Amino acid sequence: MTVWLDVGGKKVRVSLPGSREGVVAAEVDGRALTADVRMLRPGVMSLVVEGRQYRCVLDGDGVVIDGRRFGFEVEDPRSLQGRRGAGAGTDGPRAVKAPMPGRVVRILVKAGDEVGQGQGLVVIEAMKMQNELKSPKAGRVAKVAVAVDDTVGSGDVLVVVE
Amino acid sequence: MLIANRGEIALRVIRACREMGLATVAVYSDADRGALHVPHADEAYRLGPAPAAESYLRGDLILEIARRSGTDAIHPGYGFLSENADFAEACAVAGVTFIGPPASAMRVLGSKTKARQAADAAGMPRVPGSVTGLADAEEAVRVAAGIGYPVMLKAAAGGGGKGMRAVFGAAELPAAFAAASSEAERSFGSGEVYLEKLIERPRHIEIQLMADEHGGCVYLGERECSVQRRHQKVIEEAPSAVVGEELRRRMGAAAARLALSAGYVNAGTVEFLVDAAENFYFLEMNTRLQVEHPVTELVTGLDLVHMQLRVAMGEPLAIAQEDIVLRGHAIECRIYAEDPENNFFPSPGLITRLVQPGGPGIREDCAVYEGWRVPLDYDPMLSKLVAFAPTREMAIDRMLRALDEYVIGGIKTNIGLFRRILMDEDFRSARIDTGYLERLLAEGTALPQKAVLEDVVALAAALFSASTKSEAVVAEVAVESRWAVAGRREGLRL
C-alpha cells in the first residue's frame, strides 16, 4: 500500500509491502529503505535501519523518536474529501476558541483587521498564567466575540478569522 | 491511616503504610475516582465535587470519613490541609492523630511574621535591614553604612519589583532613595521605603528536619532548590554542590534550634538563602513533608514517611545525628503538564501514551497512567522523576538518560526543559542561583538535538498509520466524536 504523508510541512509518499512486521522493504519518495520492524505494543515500535535502532512512539498525530516529536498528517486521498467537509482546511472562517476556562485580559485585534498566521489575537488568563491565542491562518478578523475582563469557558469562541 | 490528599503524594504515603502493615483509607473528589491513589488503598470514600474547596480542603468531611472508617490517624501530604493549624487542632479534638507538628508549633512557625520573630529569638541569621520605613535619605545612608553595601531599597507597601532599587555605594543612595520613594508613592500610594542587604545571586538551600515527641531532633542534610521559575521549584538536588561539612553543621544546628524552640514535632523544612560568601539567611519554615523529600531519602538511605509515622506513634527517633551520613547525589525533576513553548501554560488532558523510564538509580513518584485524564482542577504535576548516582555529574547524566526513555503523549509536558537545563554548562558546573532559570529561558537558545533521518520518520509515521486500522487510534476516534477530535486538534494548534 502507499501512504501519502505531510511530515512537518513536507509531503512524502511511502510505499509499504503487504507484510509490515519483520524485514520490510519500503520506498520513501522512490528511495529504497529497508527496516526491521517490530511493534512492541500498540503505539510503541522498534525500527532497525542499517544497524541503527530507533524506538518510535506514536503520540496522537506525531511520532516521538529520540525525545523529539515529529508531527505528521496522513493525506489519504480517500479521506481528503471528508476532512474538507469537516471544515478543518484553511479555507473558510475559523473560530479561535478558549482552550480552557479563564478571563480575557487583553484583545490585540479588532474586527476588520488583517492578520497573519500565528499573529496574537487575544490574551486570556487561567490558573494565574497568561496565554496568547494566535491566529490559525492569515485572513481578516470577522468578529471579536469577547471583551476585556470577560470570563470565558473552555471552547467558547473568542475571535473568528475569515 | 486516612490520607487526606491525592496524586503522587497520596500514593507515596499509602505505599509506606502498606509496608508498615497499616490499613489505608483514600479519599477522592469526583474528578479523581479514577486517580491512581484510589485503587492502591484498602478503603476509599468520596469527598465531594472536583473543586478543592468542596473536596480536599473540607476538613469537616475528612474527619467525618475518619470517624466512619474507624481511622486512627490522618496524613495530610503536602498542600491542601497540610499546613492548616485549625485542621490539626480539629484532628486532636476528634482523637485522631495528625501526622505533622502540633497546631501550636504550626501557628508559630508557619506564619511568616511569627516565624521571623521565632527565628530572631533562636538567634537565626536573617537578611539584615531596617525593620521599619526610613524617614529620609540621611537615615537611609546611616542604616546602609551599618549593614554594608550593596543594599536594596524596597517599598514597604509593595511588591512586584516596583519601588525597588539596588544601591552599590553611599554616593548613589540619596538619588536612589528619592526615586524608589516616588515610584512607591505612585504605585502603592505610600512612599514608605525600607532597606535590606542585597543578597546577590542567592541560592535556595533548605534543611530537612525530623523531630520526635521526646525532644529529639535531627537534620537530614540539605537540599538545593535554586532552579526556580516564578518562585516555583523546578529541579531539586541533594546534597548542594556548595555546602560543605562545616556549613551543613551550622545550618543544620540553627534549623534544629528553631524547631525545638517552638516545640516542633515530625518532619519539617527550614528554608534559607545562601550567598556567595556562604552566609545563610532564614527565609521560612515549611511545617510538613515537602514535594522534594525523595532526594533526601536517597542520599540518607532513610524513609521519611516511615519516620513520620513512627514519630507520630510516639517512638523516639531511631537514628542519632552522628549516624546520618550523606552518600551519593540525587536530583529530582518535577514533571508538569504544561507547555514550555507557550509560557508554561497548564496542559491538562488525556494521557494517550505513557512510556516510563527505569533502570539503575531511577525512582519515579508518579500517579498517572495511560488513559488517565489529568484534571484541570489541581496542580498539574504529573510525576517526580529522581536520579541517584555516586556523583552529581553521574546523576545528571543518568537523569538525561531517563528523560530520553520517557514519553508522555497526548498532553504537553516540560520534559524538554529539563533536557535543556541538564545539558547547560552553568547547571552542570553548579553555577546556579534563584535567578538562573529565568536567565536561561531569556537566552532562548535551541536545544542541540540528535539528527533523525527524515526518511526514517516518514517510514515510522507510515507504519503507524497503516496499523492504526486495528489499533488504539481507531478506538480513540470511535469513542470520541469527530467533532471532539477536530476540536482537540484545533486546541493543540493554538
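This is a predicted model: local features need pLDDT of at least 70, side-chain atom pairs count only at pLDDT 80 or more; totals for chains, interfaces and linings use all residues.
# Reading a two-chain model together

Trainee: Which residues make the contact between H3(B) and H4(B)?

Mentor: From H3(B) come B:Ala85, B:Ala88, B:Glu89 and B:Ala92, while H4(B) supplies B:Ala103, B:Met106, B:Arg107 and B:Gly110. Sorted by class, this contact has 5 nonpolar, 1 polar and 2 charged residues.

Trainee: Now for the sheets. What is the strand order in the open sheet of 5 strands in chain B?

Mentor: The order is S3-S2-S1-S4-S5, and the pairing is parallel. At the edges stand strand S3 (43-48) and strand S5 (97-98) of chain B; each has a single partner strand, so one side of each is left without a neighbour in the sheet.

Trainee: How many bridges join strand S2 of chain B to S3(B)?

Mentor: Strand S2 (residues 25-29) of chain B runs parallel to S3(B), joined by 5 bridges. To find one of these on the model, look for B:Val25, whose bridge partner in S3(B) is B:Glu43.

Trainee: Which strands does helix H2 of chain B lie across?

Mentor: Helix H2 (residues 59-69) of chain B lies across strand S1 (2-3), S2, S3 and strand S4 (73-75) of chain B. Its direction is at about 150 degrees to S3(B).

Trainee: And what is the order in the open sheet of 3 strands in chain B?

Mentor: Here the order is S7-S6-S8, with antiparallel pairing. The edge strands are S7 (165-167) and S8 (193-197) of chain B, each with a single partner strand, so one side of each lacks a neighbour in the sheet. From one strand to the next, the twist averages 30 degrees.

Trainee: Which helix packs on that sheet, touching S6 and S8 of chain B?

Mentor: That is helix H6 (residues 137-147) of chain B, whose direction makes about 15 degrees with that of S8(B). Helix H7 (residues 173-188) of chain B lies across S6, S7 and S8 of chain B, at about 25 degrees to S6(B).

Trainee: How is S6 of chain B joined to S7(B)?

Mentor: Strand S6 (residues 151-155) of chain B and S7(B) run antiparallel and share 3 bridges. B:Met152 stands opposite B:Ala166 in S7(B).

Trainee: How should I think about the side chains along a strand?

Mentor: As a general idea, side chains in a regular strand alternate between the two faces of the sheet.

Trainee: Let me try single residues. Is B:Glu292 buried or exposed?

Mentor: A residue is buried if 20 or more other C-beta atoms lie within 10 Å of its own. B:Glu292 has 24 of them within 10 Å, so it is buried. This residue sits in the loop between strand S13 (280-286) and helix H9 (293-300) of chain B. Setting aside neighbours within four places in sequence, B:Glu292 is in contact with B:Arg223, B:Cys225, B:Lys233, B:Glu236 and B:Glu332.

Trainee: Where is B:Ala367 found?

Mentor: B:Ala367 is in the loop between strand S19 (362-366) and strand S20 (373-374) of chain B. With 22 C-beta neighbours inside 10 Å, B:Ala367 counts as buried. Beyond neighbours within four places in sequence, its contacts include B:Gly7, B:Leu11 and B:His37. B:Met381 is 14 residues from B:Ala367 in sequence, and their C-alpha atoms are 9.4 Å apart.

Trainee: What is the secondary structure of chain A?

Mentor: Chain A has 1 helix and 16 strands. Of its 162 residues, 26% count as buried. The domain assignment gives domain 1 (2-82) and domain 2 (94-161), and the C-alpha centres of these two domains of chain A lie 35 Å apart.

Trainee: Which strand of chain A is joined to S14(A) by 3 bridges?

Mentor: Strand S16 (residues 157-161) of chain A, running antiparallel to S14(A). In S16(A), A:Val161 is the bridge partner of A:Val141. Strand S14 (residues 139-144) also pairs with strand S11 (residues 114-115) of chain A in the antiparallel sense, over 2 bridges.

Trainee: How many residues does each chain bring to the contact between A and B?

Mentor: Chain A contributes 50 residues and chain B contributes 40 residues. The side of chain A that touches chain B has 37 nonpolar, 6 polar and 7 charged residues.

Methods:
Residues are numbered from 1 along each chain as its sequence is written. Chains are lettered from A and ligands numbered from 1 in the order in which they are written. Two residues are in contact if their C-beta atoms, placed from the backbone, lie within 7 Å. Ala, Val, Leu, Ile, Met, Phe, Trp, Tyr, Cys and Pro count as nonpolar, Asp, Glu, Lys and Arg as charged, and the others, Gly among them, as polar. Two strands pair if DSSP finds at least two bridges between them. Helices (H or I, at least four residues) and strands (E, at least two) are DSSP runs, numbered from the N terminus. Axes are lines fitted to C-alpha atoms, for helices over the stretch in contact, and angles run from 0 to 180 degrees between N-to-C directions. Domain bounds come from an automatic or database domain assignment. A residue is buried if 20 or more other C-beta atoms lie within 10 Å of its own, exposed if 12 or fewer, and partly exposed in between; C-beta atoms are placed from the backbone.
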